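Welcome to a short tour of a protein model. Keep the sequence and the 3D view open side by side, and look up each residue as we come to it.

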Amino acid sequence: RDQPQQMEVSRSLCQMLLSSDIRAKMAAGQLVTTGWLQSGDWKAARALALNHEVIVLDCEHGAFDLNDVAVCLEVMAANGCLGIIRVPFDSDTRKAFARRCLDAGALGILFPNVTSAAEAEDYIRNCYYPSSSGMRGTRGYGYGGCNQDGAAFAEYAAKANDKVVIGVQLENKAAFEPEVLDSILQVSGLIFTQDGPYDHSGSHLVPGQTNDPRVVEELARYREACKKHGIVAGKHVVQPTEDNIAQAVEHGYGFIALGTDMFHIQNGAKEALAFAH
């Protein structure tokens, strides 16, 4: 009895992927804001999806497996929201997990802690189908939520390379060396990047001190390099205060993730209790 309903949801997810304008917005320089799901809970994903058009599912630090990802993507789509998956940081598992997330219906992939152009190219090619247009993709073809379990196989296969949103995170001081940074940002198929504020500061042995002068200097260099190469610079505003969000916008970040689901729960409860007492 549940199968027709599941098929209907998958159809909605597939149609949303095929009609997504997120990548076009990025290319046009429009700001894209996202939610951030840390818990892995599909109910939290559904709630966040009411207010976001895109949510990053954090499978590096969050409590997710592939089935959790697939369920979250389906319930988010029912509320008009798509997902970008931050994949686990674990050797080749990043590539295999990324491909399976795309098959499940993810709009995009965010690869954590990339420190070289060779690494970035390997991961990025993994997310594109083979093509005659210059992208030497290595993604395999299969059925899943992305193509309505095969019902829209040909249509999705024809459009996916122009719709997927693939990014890398720069989270180590080594990635911000000028030559390394420039080489990463020139990798074909890269759509956006994002800093990793805690790992980045941690690579300078000052974890969490995101205002450390070295971190600030490297991020300024990063933003300028992104402008030069036409790549979207991203920022996770972990504590989404008005001042922090305004600063991220002022600095020209084009992809801004706002808080986490757990942050919103904690702070919502704190504010309610403060008001009550």
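Let us begin with Lys 228, which is found in helix H10. Helices here are DSSP runs of H or I with at least four residues, strands are runs of E with at least two, and both are numbered from the N terminus. Lys 228 is exposed, with a relative accessible area of 57%. Exposed means over 50% relative accessible area, buried means under 20%, and partly exposed lies in between, using a 1.4 Å probe and protein chains only.

Before going further, a word about the model: it is predicted, so local features need pLDDT of at least 70 and side-chain atom pairs count only at pLDDT 80 or more, while totals for chains, interfaces and linings use all residues. Residues are numbered from 1 along each chain as its sequence is written, and side-chain values use heavy atoms, with hydrogens and water left out.

**Around helix H10**

His 229 also has its place in helix H10. His 229 is partly exposed, at 24% relative accessible area. Leaving aside neighbours within four places in sequence, His 229 is in contact with Asp 182, Leu 185 and Gln 186; contact means heavy atoms within 4.5 Å.

Two packed helices are described by the angle between their axes and the distance between the axes. The axes are lines fitted to C-alpha atoms, for helices over the stretch in contact, and the angles run from 0 to 180 degrees between N-to-C directions. How do H8 and H10 pack? Helix H8 (residues 178-185) and helix H10 (residues 213-229) pack at an angle of about 40°, with axes 10 Å apart. H8 and H10 are therefore oblique to each other. Angles under 35 degrees count as roughly parallel, over 145 as roughly antiparallel, 65 to 115 as roughly perpendicular, and the rest as oblique.

The crossing of H8 and H10 is right-handed: a crossing has this hand if the near helix is turned clockwise from the far one by less than a right angle, and is left-handed if anticlockwise. On the H8 side you will find Pro 178, Leu 181, Asp 182 and Leu 185, which meet Arg 221, Tyr 222, Ala 225, Cys 226, Lys 228 and His 229 in H10. By class, this contact of H8 with H10 has six nonpolar, one polar and three charged residues. Here Ala, Val, Leu, Ile, Met, Phe, Trp, Tyr, Cys and Pro count as nonpolar, Asp, Glu, Lys and Arg as charged, and the others, Gly among them, as polar.

**Helices H3 and H4**

Another helix pair is formed by H3 (residues 42-49) and H4 (residues 66-78), which pack at an angle of about 30° with their axes 8 Å apart. H3 and H4 are therefore roughly parallel to each other. Trp 42, Ala 45, Arg 46 and Ala 49 of H3 make the contact with Val 71, Cys 72, Val 75 and Met 76 of H4. Seven nonpolar, no polar and one charged residues make up the contact of H3 with H4.

Helix H4 also holds Ala 77, which is buried at 3% relative accessible area. Beyond residues up to four places away in sequence, Ala 77 touches Ser 12, Leu 13 and Met 16.

**Distances along and across the chain**

The table sets separation in sequence beside the distance between C-alpha atoms.

| Pair | Apart in sequence | C-alpha distance |
|---|---|---|
| Gly 259 and Val 238 | 21 residues | 4.4 Å |
| His 229 and Gln 186 | 43 residues | 6.7 Å |
| Ala 77 and Gln 15 | 62 residues | 9.7 Å |
| Lys 228 and Gly 259 | 31 residues | 28 Å |

**Residues in loops**

Is Gly 259 buried or exposed? At 0% relative accessibility, Gly 259 counts as buried. Gly 259 sits in the loop between strand S8 (255-258) and helix H12 (261-276).

Asn 113 lies in the loop between strand S4 (108-111) and helix H6 (117-125). Its phi is near 50°, a positive value in a residue other than glycine. Gln 148, in the loop between H6 and helix H7 (153-163), has a positive phi of about 60° although it is not a glycine.

**The nonpolar core**

In soluble globular proteins, nonpolar side chains tend to be buried together. A nonpolar core is a set of buried Ala, Val, Leu, Ile, Met, Phe, Trp, Tyr and Cys residues joined through side-chain atoms within 4.5 Å. In this model, the largest nonpolar core has 81 residues, and those with the most contacts inside it are Ile 85, Ile 109 and Phe 111.
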